[in-house]
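Colleague: I should like to learn how to read a structure of this kind. May we begin with a single side chain and then widen the view?

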Amino acid sequence: MGSASRIVFGHLLPNAITPTIVYWMTDLSLAVLLGSSLGYLGLGAQPPTAEWGVLIADGKNFMTTAWWMSIFPGAAIVAAGLAFSLLGDAVADWLRPT
């Protein structure tokens, strides 16, 4: 029994934790994108709630006069997705066995 636990904790777990964390970070950025797209379509948070997709949907009628109402929430979505992806990559580099 000691040999099996040594294999699991010494070989399998260190090699499985890094891809798992990267996968979670990728899923987290996709969850932000999914939540904001549902809010944009009106299927997520309702309009009094400040949510990125709702803010973009509310600002689409004012693109010619107040473009920043849609551009800044869109940039925040891109920045959050990029931040989660870069964080996952940094954690993967830090945890990768040498």
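Colleague: Why does W68 count as partly exposed?

Modeller: The class lies between buried, under 20%, and exposed, over 50%. W68 has 42% relative accessibility, so it falls into the partly exposed class.

Colleague: How many aromatic pairs are there?

Modeller: Ring pairs are judged by the distance between ring centres, with a limit of 6.5 Å. The count comes to two aromatic pairs. In one of them, the ring centres of W67 and W68 lie 5.8 Å apart and the planes meet at 80°, so this pair is edge-to-face.

Colleague: Which residues do the ring pairs link into a cluster?

Modeller: The cluster consists of W67, W68 and F72, joined by ring pairs.

Colleague: Which residues of helix 2 are buried?

Modeller: An α-helix has 3.6 residues a turn, so residues three or four places apart point the same way. Helix 2 covers residues 52-59, and its buried residues are G53, V54, I56, A57 and G59. At the start of helix 2, a side-chain oxygen of E51 comes to within 3.2 Å of the backbone nitrogen of G53.

Colleague: How does the radius of gyration of the chain stand against that of a compact globule?

Modeller: For 98 residues, a compact globule would have a radius of gyration near 13 Å, whereas the chain has 20 Å. Along the principal axes, the C-alpha atoms fill a box of roughly 70 × 25 × 15 Å. As for burial, 20% of the 98 residues count as buried. The accessible surface of the chain is about 7,000 Å², and carbon and sulfur atoms account for 74% of that surface.

Colleague: What share of the contacts between residues at least 6 apart joins residues at least 24 apart?

Modeller: That share is 42% in this chain.

Colleague: Where in the chain is confidence lowest, and where is it highest?

Modeller: Where pLDDT is low, the predicted coordinates should not be read in detail. Here the chain averages a pLDDT of 86, and 96% of the residues score at least 70. Confidence is lowest in helix 1, residues 2-41, with a mean of 85, and highest in helix 2, at 90.

Definitions and conventions. Residues numbered from 1 in each chain as written. Heavy atoms only, no water. Buried < 20%, exposed > 50% of the residue type's maximum accessible area, 1.4 Å probe, protein only. Helix = DSSP H or I, 4+ residues; strand = E, 2+ residues; numbered from the N terminus. Polar contact = N/O pair within 3.5 Å; in protein donor to acceptor, adjacent residues only side chain to side chain. Rg over C-alpha atoms; globule rule 2.2 N^0.38 Å. Contact = heavy atoms within 4.5 Å. Areas by Shrake-Rupley, 256 points an atom, 1.4 Å probe, with all protein chains shown as cover. Phe/Tyr/Trp six-rings, centres within 6.5 Å; stacked < 30°, edge-to-face > 60°. pLDDT = per-residue confidence, 0-100.
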